[in-house]
There are 2 protein chains.
Amino acid sequence: LVLENGLSASPFVWRARYALAHKALEFESVPICLTQIPKVSGGRFKTVPALEDGGNTIGDSWDIVTYVERAYPDKPPLFTGPTEYAMVKLFDAWFLPQVMRRFLSLYILDILNAARPEDHAYFRSSREAFLKVPSLEAFVGNREVRLPEVREALAPLRRQLSSGPFLGGDTPNYADYIALGAFRWVAAVSTLPLLAKDDEPLRSWIERGFDLYGGIARDDRLKPLFEG
Amino acid sequence: LVLENGLSASPFVWRARYALAHKALEFESVPICLTQIPKVSGGRFKTVPALEDGGNTIGDSWDIVTYVERAYPDKPPLFTGPTEYAMVKLFDAWFLPQVMRRFLSLYILDILNAARPEDHAYFRSSREAFLKVPSLEAFVGNREVRLPEVREALAPLRRQLSSGPFLGGDTPNYADYIALGAFRWVAAVSTLPLLAKDDEPLRSWIERGFDLYGGIARDDRLKPLFEG
(Lines give C-alpha, C1' and ligand atoms only; values in the text may rest on other atoms or scores of the structure.)
Protein backbone atom coordinates (compact mmCIF):
# COMPACT_ATOMS: atom_id res chain seq x y z
CA LEU A 1 0.00 0.00 0.00
CA VAL A 2 2.05 2.89 -1.26
CA LEU A 3 1.91 6.57 -0.60
CA GLU A 4 2.58 9.32 -3.11
CA ASN A 5 6.26 9.17 -2.10
CA GLY A 6 6.44 5.45 -2.88
CA LEU A 7 6.78 4.34 0.75
CA SER A 8 4.73 1.44 2.05
CA ALA A 9 2.47 2.63 4.80
CA SER A 10 0.21 -0.10 6.14
CA PRO A 11 1.18 -1.41 9.59
CA PHE A 12 -0.51 -4.69 8.70
CA VAL A 13 1.50 -5.09 5.51
CA TRP A 14 4.59 -4.56 7.63
CA ARG A 15 3.51 -7.37 9.92
CA ALA A 16 3.32 -9.67 6.90
CA ARG A 17 6.65 -8.43 5.50
CA TYR A 18 8.42 -9.13 8.77
CA ALA A 19 6.72 -12.52 9.06
CA LEU A 20 7.80 -13.60 5.56
CA ALA A 21 11.33 -12.38 6.23
CA HIS A 22 11.42 -14.26 9.54
CA LYS A 23 10.41 -17.45 7.73
CA ALA A 24 12.97 -16.76 5.00
CA LEU A 25 10.26 -16.87 2.35
CA GLU A 26 10.88 -14.89 -0.80
CA PHE A 27 8.03 -12.85 -2.16
CA GLU A 28 7.20 -10.33 -4.82
CA SER A 29 5.28 -7.28 -3.65
CA VAL A 30 2.79 -5.39 -5.79
CA PRO A 31 2.69 -1.68 -5.03
CA ILE A 32 -0.88 -0.44 -5.17
CA CYS A 33 -2.88 2.37 -3.70
CA LEU A 34 -5.93 2.00 -1.48
CA THR A 35 -8.59 2.33 -4.15
CA GLN A 36 -6.84 -0.26 -6.34
CA ILE A 37 -7.20 -3.08 -3.79
CA PRO A 38 -10.58 -4.43 -5.02
CA LYS A 39 -9.46 -4.24 -8.65
CA VAL A 40 -6.11 -5.96 -8.10
CA SER A 41 -7.68 -8.70 -5.96
CA GLY A 42 -10.57 -9.29 -8.33
CA GLY A 43 -12.98 -7.90 -5.74
CA ARG A 44 -11.99 -10.40 -3.06
CA PHE A 45 -10.33 -7.96 -0.68
CA LYS A 46 -10.92 -4.47 0.56
CA THR A 47 -7.84 -4.42 2.77
CA VAL A 48 -4.17 -5.32 2.64
CA PRO A 49 -2.09 -7.37 3.09
CA ALA A 50 -3.21 -10.15 0.81
CA LEU A 51 -0.96 -13.05 -0.07
CA GLU A 52 -1.02 -15.20 -3.18
CA ASP A 53 0.86 -18.47 -2.89
CA GLY A 54 0.38 -21.19 -5.47
CA GLY A 55 -3.38 -21.52 -5.76
CA ASN A 56 -4.09 -19.94 -2.38
CA THR A 57 -5.06 -16.33 -1.74
CA ILE A 58 -5.16 -15.18 1.86
CA GLY A 59 -6.18 -11.79 3.25
CA ASP A 60 -5.74 -10.42 6.79
CA SER A 61 -2.31 -10.39 8.38
CA TRP A 62 -3.15 -12.92 11.12
CA ASP A 63 -4.56 -15.34 8.54
CA ILE A 64 -1.42 -14.91 6.45
CA VAL A 65 0.78 -15.64 9.43
CA THR A 66 -1.26 -18.73 10.31
CA TYR A 67 -1.15 -19.88 6.70
CA VAL A 68 2.61 -19.54 6.18
CA GLU A 69 3.30 -21.17 9.52
CA ARG A 70 1.27 -24.23 8.46
CA ALA A 71 2.30 -24.27 4.81
CA TYR A 72 6.05 -24.01 5.50
CA PRO A 73 6.79 -26.12 8.57
CA ASP A 74 10.41 -26.61 7.51
CA LYS A 75 11.08 -22.88 7.53
CA PRO A 76 11.97 -21.02 10.75
CA PRO A 77 8.84 -21.07 12.94
CA LEU A 78 7.10 -17.81 13.80
CA PHE A 79 5.71 -19.33 17.00
CA THR A 80 7.10 -21.95 19.34
CA GLY A 81 3.55 -23.28 19.70
CA PRO A 82 -0.10 -22.45 20.38
CA THR A 83 0.60 -20.78 23.72
CA GLU A 84 3.04 -18.26 22.27
CA TYR A 85 0.53 -17.67 19.47
CA ALA A 86 -2.20 -16.99 22.08
CA MET A 87 0.10 -14.65 24.00
CA VAL A 88 0.94 -12.61 20.90
CA LYS A 89 -2.79 -12.41 20.10
CA LEU A 90 -3.30 -11.06 23.62
CA PHE A 91 -0.56 -8.51 23.04
CA ASP A 92 -2.29 -7.43 19.82
CA ALA A 93 -5.62 -7.18 21.67
CA TRP A 94 -3.98 -4.48 23.79
CA PHE A 95 -1.68 -2.90 21.21
CA LEU A 96 -4.19 -2.39 18.42
CA PRO A 97 -6.93 -0.49 20.29
CA GLN A 98 -4.79 1.18 22.93
CA VAL A 99 -1.60 2.07 21.06
CA MET A 100 -2.25 1.98 17.30
CA ARG A 101 -5.51 3.86 17.66
CA ARG A 102 -3.61 6.55 19.57
CA PHE A 103 -1.05 6.69 16.75
CA LEU A 104 -3.97 7.19 14.34
CA SER A 105 -5.23 10.04 16.50
CA LEU A 106 -1.89 11.79 15.93
CA TYR A 107 -1.16 10.89 12.33
CA ILE A 108 -4.28 10.21 10.33
CA LEU A 109 -4.12 13.58 8.58
CA ASP A 110 -0.45 13.01 7.86
CA ILE A 111 -1.42 9.72 6.22
CA LEU A 112 -4.16 11.39 4.20
CA ASN A 113 -1.77 14.10 3.05
CA ALA A 114 0.87 11.54 2.07
CA ALA A 115 -1.58 9.28 0.22
CA ARG A 116 -1.90 9.26 -3.55
CA PRO A 117 -4.40 11.87 -4.73
CA GLU A 118 -6.81 9.25 -6.09
CA ASP A 119 -7.08 7.74 -2.56
CA HIS A 120 -7.92 10.95 -0.72
CA ALA A 121 -11.72 10.93 -0.94
CA TYR A 122 -12.09 7.23 -0.14
CA PHE A 123 -9.49 7.36 2.63
CA ARG A 124 -11.31 10.21 4.32
CA SER A 125 -14.83 8.77 4.09
CA SER A 126 -13.88 5.19 5.01
CA ARG A 127 -11.73 6.26 7.99
CA GLU A 128 -14.26 8.74 9.32
CA ALA A 129 -16.87 5.97 9.24
CA PHE A 130 -14.53 3.37 10.80
CA LEU A 131 -13.37 5.68 13.57
CA LYS A 132 -16.87 7.09 14.10
CA VAL A 133 -15.56 10.66 14.12
CA PRO A 134 -17.16 13.72 12.53
CA SER A 135 -13.92 14.56 10.69
CA LEU A 136 -10.29 13.48 10.58
CA GLU A 137 -9.41 17.04 11.54
CA ALA A 138 -11.43 16.72 14.75
CA PHE A 139 -9.82 13.34 15.49
CA VAL A 140 -6.26 14.72 15.34
CA GLY A 141 -7.19 18.01 17.01
CA ASN A 142 -4.87 19.20 19.75
CA ARG A 143 -2.39 16.48 18.94
CA GLU A 144 0.65 18.21 20.47
CA VAL A 145 -1.21 18.38 23.78
CA ARG A 146 -2.05 14.67 23.60
CA LEU A 147 1.49 13.61 22.70
CA PRO A 148 2.61 12.98 26.34
CA GLU A 149 -0.37 10.70 26.90
CA VAL A 150 0.47 8.70 23.75
CA ARG A 151 4.09 8.37 24.89
CA GLU A 152 2.89 7.19 28.30
CA ALA A 153 0.79 4.48 26.61
CA LEU A 154 4.08 2.95 25.41
CA ALA A 155 5.28 2.34 28.98
CA PRO A 156 4.68 -1.44 28.79
CA LEU A 157 7.03 -1.68 25.79
CA ARG A 158 9.74 0.26 27.62
CA ARG A 159 9.37 -1.89 30.69
CA GLN A 160 9.66 -5.07 28.64
CA LEU A 161 12.65 -3.76 26.64
CA SER A 162 14.49 -2.82 29.81
CA SER A 163 15.10 -6.53 30.41
CA GLY A 164 15.87 -7.81 26.92
CA PRO A 165 16.70 -6.68 23.38
CA PHE A 166 13.31 -7.64 21.89
CA LEU A 167 9.71 -7.88 23.09
CA GLY A 168 10.02 -11.61 22.45
CA GLY A 169 13.17 -11.83 24.60
CA ASP A 170 16.60 -12.57 23.15
CA THR A 171 15.26 -12.84 19.60
CA PRO A 172 12.41 -10.99 17.86
CA ASN A 173 9.01 -12.63 17.65
CA TYR A 174 5.71 -11.66 16.07
CA ALA A 175 4.95 -9.23 18.93
CA ASP A 176 8.04 -7.28 17.83
CA TYR A 177 6.84 -7.31 14.23
CA ILE A 178 3.40 -6.02 15.23
CA ALA A 179 4.90 -3.14 17.16
CA LEU A 180 7.74 -2.40 14.72
CA GLY A 181 5.19 -2.32 11.88
CA ALA A 182 3.28 0.40 13.73
CA PHE A 183 6.41 2.53 14.20
CA ARG A 184 7.40 2.00 10.56
CA TRP A 185 3.94 3.17 9.52
CA VAL A 186 4.32 6.34 11.58
CA ALA A 187 7.83 6.93 10.22
CA ALA A 188 6.50 6.91 6.66
CA VAL A 189 4.20 9.89 7.20
CA SER A 190 4.94 11.69 10.46
CA THR A 191 5.17 15.49 10.59
CA LEU A 192 5.41 15.41 14.41
CA PRO A 193 8.13 13.34 16.09
CA LEU A 194 6.39 10.64 18.10
CA LEU A 195 9.08 10.08 20.72
CA ALA A 196 11.36 12.10 22.94
CA LYS A 197 15.04 12.26 22.02
CA ASP A 198 16.21 10.22 25.00
CA ASP A 199 13.45 7.62 24.89
CA GLU A 200 15.55 4.58 25.68
CA PRO A 201 15.12 1.64 25.46
CA LEU A 202 12.54 2.27 22.72
CA ARG A 203 15.09 4.01 20.51
CA SER A 204 17.64 1.23 20.43
CA TRP A 205 14.94 -1.42 19.96
CA ILE A 206 13.52 0.46 16.94
CA GLU A 207 17.03 0.75 15.49
CA ARG A 208 17.60 -2.98 16.00
CA GLY A 209 14.16 -3.82 14.64
CA PHE A 210 14.47 -1.72 11.48
CA ASP A 211 17.89 -3.31 10.88
CA LEU A 212 16.52 -6.86 10.96
CA TYR A 213 16.65 -9.02 7.81
CA GLY A 214 19.15 -6.84 5.98
CA GLY A 215 17.59 -3.52 7.05
CA ILE A 216 14.06 -4.51 6.04
CA ALA A 217 12.47 -1.32 7.35
CA ARG A 218 15.22 1.16 6.45
CA ASP A 219 14.55 3.88 3.91
CA ASP A 220 16.16 7.29 3.45
CA ARG A 221 12.75 8.84 2.90
CA LEU A 222 11.50 8.01 6.41
CA LYS A 223 10.63 10.88 8.71
CA PRO A 224 12.26 11.09 12.17
CA LEU A 225 10.49 9.17 14.95
CA PHE A 226 12.47 11.02 17.61
CA GLU A 227 12.73 14.69 18.50
CA GLY A 228 15.98 16.54 18.04
CA LEU B 1 -1.75 -12.02 53.55
CA VAL B 2 -5.03 -12.24 55.36
CA LEU B 3 -7.74 -9.76 56.02
CA GLU B 4 -9.81 -9.48 59.17
CA ASN B 5 -12.29 -11.95 57.62
CA GLY B 6 -9.53 -14.51 57.05
CA LEU B 7 -9.51 -14.20 53.26
CA SER B 8 -6.24 -13.97 51.41
CA ALA B 9 -6.06 -10.67 49.59
CA SER B 10 -2.75 -10.19 47.78
CA PRO B 11 -2.96 -10.54 44.00
CA PHE B 12 0.70 -11.51 43.99
CA VAL B 13 0.18 -14.28 46.51
CA TRP B 14 -2.58 -15.56 44.24
CA ARG B 15 -0.15 -15.66 41.33
CA ALA B 16 2.13 -17.86 43.42
CA ARG B 17 -0.76 -20.07 44.62
CA TYR B 18 -1.92 -20.69 41.07
CA ALA B 19 1.66 -21.33 39.92
CA LEU B 20 2.27 -23.91 42.65
CA ALA B 21 -1.06 -25.59 41.89
CA HIS B 22 -0.23 -25.65 38.16
CA LYS B 23 3.05 -27.39 38.95
CA ALA B 24 1.28 -29.77 41.33
CA LEU B 25 3.57 -28.73 44.17
CA GLU B 26 2.19 -29.07 47.68
CA PHE B 27 2.77 -26.23 50.07
CA GLU B 28 1.87 -25.01 53.49
CA SER B 29 0.71 -21.41 53.72
CA VAL B 30 1.28 -19.18 56.72
CA PRO B 31 -1.49 -16.65 57.27
CA ILE B 32 -0.03 -13.35 58.36
CA CYS B 33 -1.01 -9.72 58.22
CA LEU B 34 0.93 -6.95 56.52
CA THR B 35 2.87 -5.69 59.52
CA GLN B 36 3.95 -9.23 60.42
CA ILE B 37 5.87 -9.78 57.17
CA PRO B 38 9.25 -8.49 58.37
CA LYS B 39 8.97 -10.42 61.62
CA VAL B 40 7.94 -13.72 60.04
CA SER B 41 10.66 -13.47 57.38
CA GLY B 42 13.35 -12.47 59.85
CA GLY B 43 13.54 -9.02 58.26
CA ARG B 44 14.30 -10.33 54.78
CA PHE B 45 11.04 -9.32 53.13
CA LYS B 46 8.67 -6.40 53.22
CA THR B 47 6.26 -7.92 50.71
CA VAL B 48 4.52 -11.20 49.98
CA PRO B 49 4.57 -13.78 48.55
CA ALA B 50 7.73 -15.36 49.92
CA LEU B 51 8.51 -19.02 49.43
CA GLU B 52 10.63 -21.27 51.62
CA ASP B 53 11.75 -24.47 49.96
CA GLY B 54 14.45 -26.58 51.53
CA GLY B 55 17.23 -24.12 52.27
CA ASN B 56 16.01 -21.51 49.77
CA THR B 57 13.91 -18.48 50.52
CA ILE B 58 12.56 -16.53 47.57
CA GLY B 59 10.51 -13.33 47.57
CA ASP B 60 8.66 -11.67 44.64
CA SER B 61 6.13 -13.65 42.65
CA TRP B 62 8.13 -13.62 39.41
CA ASP B 63 11.24 -14.85 41.22
CA ILE B 64 9.18 -17.61 42.82
CA VAL B 65 7.82 -18.67 39.46
CA THR B 66 11.29 -18.69 37.93
CA TYR B 67 12.62 -20.65 40.88
CA VAL B 68 9.98 -23.40 40.91
CA GLU B 69 10.22 -23.76 37.14
CA ARG B 70 13.97 -24.41 37.44
CA ALA B 71 13.87 -26.40 40.67
CA TYR B 72 11.13 -28.80 39.52
CA PRO B 73 11.72 -29.56 35.84
CA ASP B 74 9.84 -32.87 36.13
CA LYS B 75 6.64 -31.16 37.25
CA PRO B 76 4.19 -29.64 34.72
CA PRO B 77 5.96 -26.63 33.15
CA LEU B 78 4.58 -23.14 33.70
CA PHE B 79 6.13 -21.95 30.44
CA THR B 80 6.78 -23.74 27.17
CA GLY B 81 10.05 -21.79 26.94
CA PRO B 82 11.72 -18.38 27.15
CA THR B 83 9.51 -16.80 24.48
CA GLU B 84 6.27 -17.59 26.29
CA TYR B 85 7.94 -16.34 29.47
CA ALA B 86 8.82 -13.06 27.71
CA MET B 87 5.28 -12.73 26.33
CA VAL B 88 3.71 -13.18 29.76
CA LYS B 89 6.13 -10.59 31.15
CA LEU B 90 4.95 -8.25 28.40
CA PHE B 91 1.34 -8.95 29.37
CA ASP B 92 2.19 -8.12 32.99
CA ALA B 93 3.91 -4.90 31.87
CA TRP B 94 0.51 -3.83 30.53
CA PHE B 95 -1.77 -5.43 33.11
CA LEU B 96 -0.05 -4.21 36.26
CA PRO B 97 0.05 -0.45 35.58
CA GLN B 98 -2.99 -0.17 33.34
CA VAL B 99 -5.47 -2.61 34.90
CA MET B 100 -4.39 -3.44 38.46
CA ARG B 101 -3.68 0.17 39.26
CA ARG B 102 -7.22 1.01 38.10
CA PHE B 103 -8.56 -1.73 40.37
CA LEU B 104 -6.65 -0.09 43.22
CA SER B 105 -8.25 3.23 42.36
CA LEU B 106 -11.65 1.62 42.97
CA TYR B 107 -10.91 -0.66 45.91
CA ILE B 108 -8.04 0.58 48.02
CA LEU B 109 -10.36 1.88 50.74
CA ASP B 110 -12.24 -1.42 50.68
CA ILE B 111 -8.92 -3.18 51.23
CA LEU B 112 -8.05 -0.85 54.09
CA ASN B 113 -11.43 -1.40 55.70
CA ALA B 114 -11.13 -5.16 55.35
CA ALA B 115 -7.57 -5.32 56.68
CA ARG B 116 -6.74 -6.34 60.22
CA PRO B 117 -6.84 -3.36 62.58
CA GLU B 118 -3.11 -3.58 63.35
CA ASP B 119 -2.37 -3.09 59.62
CA HIS B 120 -4.46 0.03 59.08
CA ALA B 121 -1.92 2.74 59.88
CA TYR B 122 0.95 1.11 57.94
CA PHE B 123 -1.30 0.18 55.02
CA ARG B 124 -2.46 3.76 54.68
CA SER B 125 0.94 5.43 54.95
CA SER B 126 2.81 2.93 52.76
CA ARG B 127 0.14 2.97 50.01
CA GLU B 128 -0.22 6.73 49.98
CA ALA B 129 3.54 7.00 49.54
CA PHE B 130 3.69 4.27 46.87
CA LEU B 131 0.79 5.69 44.87
CA LYS B 132 1.98 9.28 45.40
CA VAL B 133 -1.51 10.42 46.37
CA PRO B 134 -2.48 12.88 49.11
CA SER B 135 -4.93 10.38 50.60
CA LEU B 136 -6.51 7.03 49.79
CA GLU B 137 -9.89 8.80 49.95
CA ALA B 138 -8.80 11.16 47.17
CA PHE B 139 -7.51 8.22 45.10
CA VAL B 140 -10.83 6.37 45.15
CA GLY B 141 -12.92 9.54 44.86
CA ASN B 142 -15.74 9.44 42.34
CA ARG B 143 -15.25 5.74 41.82
CA GLU B 144 -18.74 5.03 40.48
CA VAL B 145 -18.16 7.61 37.75
CA ARG B 146 -14.85 5.98 36.81
CA LEU B 147 -16.24 2.44 36.72
CA PRO B 148 -17.09 2.46 32.98
CA GLU B 149 -13.53 3.49 32.15
CA VAL B 150 -12.12 0.65 34.28
CA ARG B 151 -14.43 -1.83 32.56
CA GLU B 152 -13.30 -0.50 29.20
CA ALA B 153 -9.67 -1.11 30.18
CA LEU B 154 -10.51 -4.82 30.27
CA ALA B 155 -11.42 -4.88 26.57
CA PRO B 156 -8.20 -6.73 25.57
CA LEU B 157 -9.11 -9.60 27.92
CA ARG B 158 -12.61 -9.85 26.45
CA ARG B 159 -11.26 -9.83 22.94
CA GLN B 160 -8.79 -12.59 23.73
CA LEU B 161 -11.40 -14.69 25.56
CA SER B 162 -13.80 -14.45 22.64
CA SER B 163 -11.55 -16.86 20.76
CA GLY B 164 -10.59 -19.36 23.47
CA PRO B 165 -11.40 -20.47 27.01
CA PHE B 166 -8.24 -19.04 28.59
CA LEU B 167 -5.89 -16.14 27.95
CA GLY B 168 -3.25 -18.78 27.26
CA GLY B 169 -5.49 -20.51 24.69
CA ASP B 170 -6.98 -23.95 25.28
CA THR B 171 -5.35 -24.29 28.69
CA PRO B 172 -4.58 -21.69 31.35
CA ASN B 173 -1.09 -20.24 31.54
CA TYR B 174 0.61 -17.75 33.83
CA ALA B 175 -1.13 -14.81 32.12
CA ASP B 176 -4.43 -16.30 33.30
CA TYR B 177 -3.06 -16.64 36.83
CA ILE B 178 -1.89 -13.00 36.86
CA ALA B 179 -5.31 -11.76 35.78
CA LEU B 180 -7.34 -14.22 37.88
CA GLY B 181 -5.29 -13.27 40.93
CA ALA B 182 -6.31 -9.64 40.42
CA PHE B 183 -10.01 -10.53 40.19
CA ARG B 184 -9.73 -12.78 43.26
CA TRP B 185 -8.13 -9.89 45.15
CA VAL B 186 -11.05 -7.61 44.23
CA ALA B 187 -13.59 -10.30 45.15
CA ALA B 188 -12.14 -10.53 48.66
CA VAL B 189 -12.91 -6.91 49.51
CA SER B 190 -15.23 -5.30 46.96
CA THR B 191 -18.18 -3.19 48.08
CA LEU B 192 -18.88 -2.15 44.46
CA PRO B 193 -19.42 -4.80 41.79
CA LEU B 194 -16.59 -4.44 39.29
CA LEU B 195 -18.34 -5.88 36.24
CA ALA B 196 -21.68 -5.63 34.50
CA LYS B 197 -24.07 -8.57 34.83
CA ASP B 198 -23.81 -9.63 31.20
CA ASP B 199 -20.06 -9.16 30.86
CA GLU B 200 -19.31 -12.23 28.81
CA PRO B 201 -16.85 -13.73 28.07
CA LEU B 202 -15.19 -12.37 31.24
CA ARG B 203 -17.80 -13.96 33.49
CA SER B 204 -17.42 -17.50 32.23
CA TRP B 205 -13.62 -17.22 32.21
CA ILE B 206 -13.59 -16.08 35.87
CA GLU B 207 -15.91 -18.98 36.77
CA ARG B 208 -13.60 -21.42 34.97
CA GLY B 209 -10.52 -19.83 36.49
CA PHE B 210 -11.77 -19.87 40.07
CA ASP B 211 -12.77 -23.53 39.57
CA LEU B 212 -9.26 -24.58 38.53
CA TYR B 213 -7.29 -27.00 40.71
CA GLY B 214 -10.24 -28.14 42.75
CA GLY B 215 -11.82 -24.71 43.11
CA ILE B 216 -8.61 -23.03 44.26
CA ALA B 217 -10.13 -19.54 44.35
CA ARG B 218 -13.61 -20.42 45.59
CA ASP B 219 -14.78 -19.16 48.96
CA ASP B 220 -18.27 -18.50 50.29
CA ARG B 221 -17.10 -15.26 51.84
CA LEU B 222 -16.21 -13.64 48.49
CA LYS B 223 -18.11 -10.53 47.43
CA PRO B 224 -19.86 -10.48 44.05
CA LEU B 225 -17.71 -9.37 41.11
CA PHE B 226 -20.80 -8.87 38.92
CA GLU B 227 -23.79 -6.60 39.28
CA GLY B 228 -27.23 -8.05 39.86
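Predicted model: local features only at pLDDT ≥ 70, side-chain atom pairs only at ≥ 80, totals over all residues.
Setting aside neighbours within four places in sequence, Ala175(A) is in contact with Val88(A), Phe91(A) and Leu167(A) in its own chain, and with Met87(B) and Leu90(B).

Ala175(A) sits in helix H9 of chain A, residues 174–189. With a relative accessible area of 0%, Ala175(A) is buried. One of its contacts, Phe91(A), is 84 residues away along the chain, yet the two C-alpha atoms are separated by 6.9 Å.

Next, Thr83(A). This residue belongs to helix H4 of chain A, which covers residues 82–114. Is Thr83(A) buried or exposed? Its relative accessibility is 15%, and the cut-off for buried is under 20%, so Thr83(A) counts as buried. With neighbours within four places in sequence left out, Thr83(A) is in contact with Thr80(B), Glu84(B), Gly168(B) and Asn173(B).

That brings me to how the chains are related. Chain B superposes on chain A by a rotation of 180 degrees, with 0.0 Å of shift along the axis and an RMSD of 0.0 Å. That is the relation of a two-fold axis. Which C-alpha of chain B is nearest the axis? The one of Glu84(B), at 2.6 Å. Both copies use the same surface, in that 100% of the contact residues of chain B recur in chain A.

Now two helices within chain B. Two packed helices are described by the angle between their axes and the distance between the axes. For H9(B), residues 174–189, and H10(B), residues 202–215, the angle is about 100 degrees and the axes are 10 Å apart. The two helices are therefore roughly perpendicular to each other. From H9(B), the residues involved are Asp176(B), Tyr177(B), Ala179(B), Leu180(B), Phe183(B) and Arg184(B); these meet Trp205(B), Ile206(B), Gly209(B), Phe210(B), Leu212(B) and Tyr213(B) of H10(B). Sorted by class, this contact has nine nonpolar residues, one polar and two charged.

Last, helix H5 of chain B, residues 120–131. Which residues of H5(B) are buried? Phe123(B), Ser126(B), Glu128(B) and Leu131(B) are. Just after H5(B) comes Lys132(B), with a positive phi of about 55 degrees.

Terms used: Residues numbered from 1 in each chain as written. Chains lettered and ligands numbered in written order. Heavy atoms only, no water. Axes fitted to C-alpha atoms, helices over the stretch in contact; angles between N-to-C directions. Helix = DSSP H or I, 4+ residues; strand = E, 2+ residues; numbered from the N terminus. Parallel < 35°, antiparallel > 145°, perpendicular 65-115°, else oblique. Contact = heavy atoms within 4.5 Å. Nonpolar A, V, L, I, M, F, W, Y, C, P; charged D, E, K, R; others polar. Buried < 20%, exposed > 50% of the residue type's maximum accessible area, 1.4 Å probe, protein only. Least-squares fit on C-alpha atoms with pLDDT ≥ 70 in both.
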